[in-house]
2 protein chains.
Amino acid sequence: MQGVTFNGTGDIRVAEVPDPELTEPTDAIVRVTLAAICGSDLHIYNAGTAFGFAEGQRLGHEFIGTVEAVGSAVRGFRPGDRVLSSCNVADGTCVYCRENLSCSCVSYSAFGWAPRVWRHGGPVEGGQSEFIRVPLADGTLHPMPEALAGPEHETTLLPLVDVVPTAWHGLVRAGAREGHDVVVIGDGAVGLSGIHAAAAMGASNVVCVGHHPDRLEMAARLGATEVIASRDEEEIAARVQELTGGQGAHVVVDSISSTESMATAHAAVRAGGGIACLGMDHFMGKTPEVNWRDQFLRNITITGGLVPGKGYLPRLLELVEAGRMDPSPMLTHRLPLAEGAEVLMIPVLQS
Amino acid sequence: MQGVTFNGTGDIRVAEVPDPELTEPTDAIVRVTLAAICGSDLHIYNAGTAFGFAEGQRLGHEFIGTVEAVGSAVRGFRPGDRVLSSCNVADGTCVYCRENLSCSCVSYSAFGWAPRVWRHGGPVEGGQSEFIRVPLADGTLHPMPEALAGPEHETTLLPLVDVVPTAWHGLVRAGAREGHDVVVIGDGAVGLSGIHAAAAMGASNVVCVGHHPDRLEMAARLGATEVIASRDEEEIAARVQELTGGQGAHVVVDSISSTESMATAHAAVRAGGGIACLGMDHFMGKTPEVNWRDQFLRNITITGGLVPGKGYLPRLLELVEAGRMDPSPMLTHRLPLAEGAEVLMIPVLQS
């Protein structure tokens, strides 16, 4: 079968790879019907060797599909079931999974990532492939609601695997609630997901700070009540203060997490508020500085992190079924797998 | 009357100062019966001019006493009432006060601090004096429960004004609950308060990390279930892992908040846990570094900050009355006001 593989830094290819097989009784084989490219795939493209990637390693941790086969110990799924996968393997039963922190599951492994993050025992395959072996299927897969199982809903569901729950998780961790004011810094996929999640959560002001006109337009489609096309901290802060009765936002989602974006977040956040740091630039060696004086004097909470996607799926699917969530506009292109590697390179060239 | 005053960096004196007067109808005059010296008073001693202190400025933000007189608009207090003061002036009615964030009150001013933090309009006096004018008395003062109003309870109550609620607040913000494991880094007044607060909150493991034998002994008296006399990050982490079934502590109170203590906090905290940063060294120009990779991958929340003392007093007084809290052992010396300035210099010489 075909799969997207890493062949060295800057060298991603669609290649012939072995068909997956059931190797453990808790495995399922899933036929992938739609997979996404994540911003973190670009880190692999740019620096995969540094992350421990080996030649032939498969990519892709966001996928949905149809169960093809299950091991003898799988209880919750049968061949033919339509499923969303979590972006990581989790047993669903450990102390962390029970606390909705499946990203810290004792059996954690990441699909489409380097062996150093495999705890369950590798190899863990990638979802940008025709088929994939899903370890610990009962803990890792989630059934598609029947009303959403048709192919026409796939672009609505796929973002629920990683990018939307990433933003939702950041909002939850930073204390966002219905009626709160939320500012999102950055208009990339995580930022737009933050806008959409905040709107679906019932936030009052939902402010997108960015500087790409097309994405700010999409932010408005996805629920932003205000867009600020600026990189000027004072200008952004002044507008946020104006919108929030001089108080600032209860929660700021910082999808960039650089020293500059963190400074803007501090300028925009309300006393007692939370900043959800969802950017991963620090993985590339950049270390954002914290305004400790403001953190202390105004009781700012700095939080956010790796997504425990599984736990949020019931609520997110409910919102989709209720017509309050549809992140599909964020998926700008739908292409056959054969073009996967090429697509991966496009945003790299643009960045 | 006599009061402790700032007369330049490194020059703190007990001096003759004017008697306070009721200047607003919302004022009360309180006869101070016991006042404390805070670690932040040492910042004033060391660098008061940099903080905007002027000659003759009075010190002291932790005090309890007896109401001497009240303005015509004060509703909740009468002369003769025994009271604890909040360490800051707050109106008790603004949006922040209603959310238990009185330290961000729109009418905030700090007792015994420099004019730049006075929002209510100065001058705000200091509590290391015979008498003090308390602005916005209804929002700022709290009645002593009758059973605790005698002088024999003063050393139990005084730490509830600032240092104990500071630690309690850090624990709350970082998500601590009954049954949790808590590690406290530092064995100074905030650290010891963290131990005592965590124990009173019903934490399971209450671990004190420090390196002063006498203070670690006091930590044990105040509720520590384990003391670790070490500065070695790996040794501390190993012991914490051992005590917590390999998971780490739900909450770490970092009473130092340096790069080194933050690294220890990350090593000791559980995935999904919280670090309460309560140290103020960053006010002296030191900037702790954050382990962003760990923060992100393990979903660590970094929080803590200035204390909204008023809101916690009902619960803390309940715990005192129930015999579950008595922070009085932390007060090592009780001296007449005339010796206040000299006492302030002792810890400076020790540090």
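Colleague: What is the bridge partner of B:Gln2 in strand 2 of chain B?
Modeller: The partner is B:Glu16. This is a predicted model; local features need pLDDT of at least 70, side-chain atom pairs count only at pLDDT 80 or more, and totals for chains, interfaces and linings use all residues. Residues are numbered from 1 along each chain as its sequence is written, with chains lettered from A and ligands numbered from 1 in the order in which they are written.

Colleague: How do you know that strand 1 and strand 2 of chain B pair?
Modeller: Pairing takes at least two bridges found by DSSP. Strand 1 (residues 2-6) and strand 2 of chain B have 5 bridges, in the antiparallel sense. So they pair.

Colleague: What makes strand 2 and strand 4 of chain B edge strands?
Modeller: The open sheet runs in the order 2-1-4. Strand 2 (12-16) and strand 4 (57-58) each have a single partner strand, so one side of each lacks a neighbour in the sheet.

Colleague: Why are helix 5 and helix 6 of chain B called oblique to each other?
Modeller: Under 35 degrees is roughly parallel, over 145 roughly antiparallel, 65 to 115 roughly perpendicular, and the rest oblique. Helix 5 (residues 163-173) and helix 6 (residues 189-201) of chain B pack at about 60 degrees, axes 8 Å apart. Therefore they are oblique.

Colleague: How many residues does each chain give to the contact between chain A and chain B?
Modeller: Chain A gives 26 residues and chain B gives 26. Contact means C-beta atoms, placed from the backbone, within 7 Å. Helix 10 of chain A gives the most to its side, with 5 residues.

Notes. Axes fitted to C-alpha atoms, helices over the stretch in contact; angles between N-to-C directions. Helix = DSSP H or I, 4+ residues; strand = E, 2+ residues; numbered from the N terminus. Contact = placed C-beta atoms within 7 Å.
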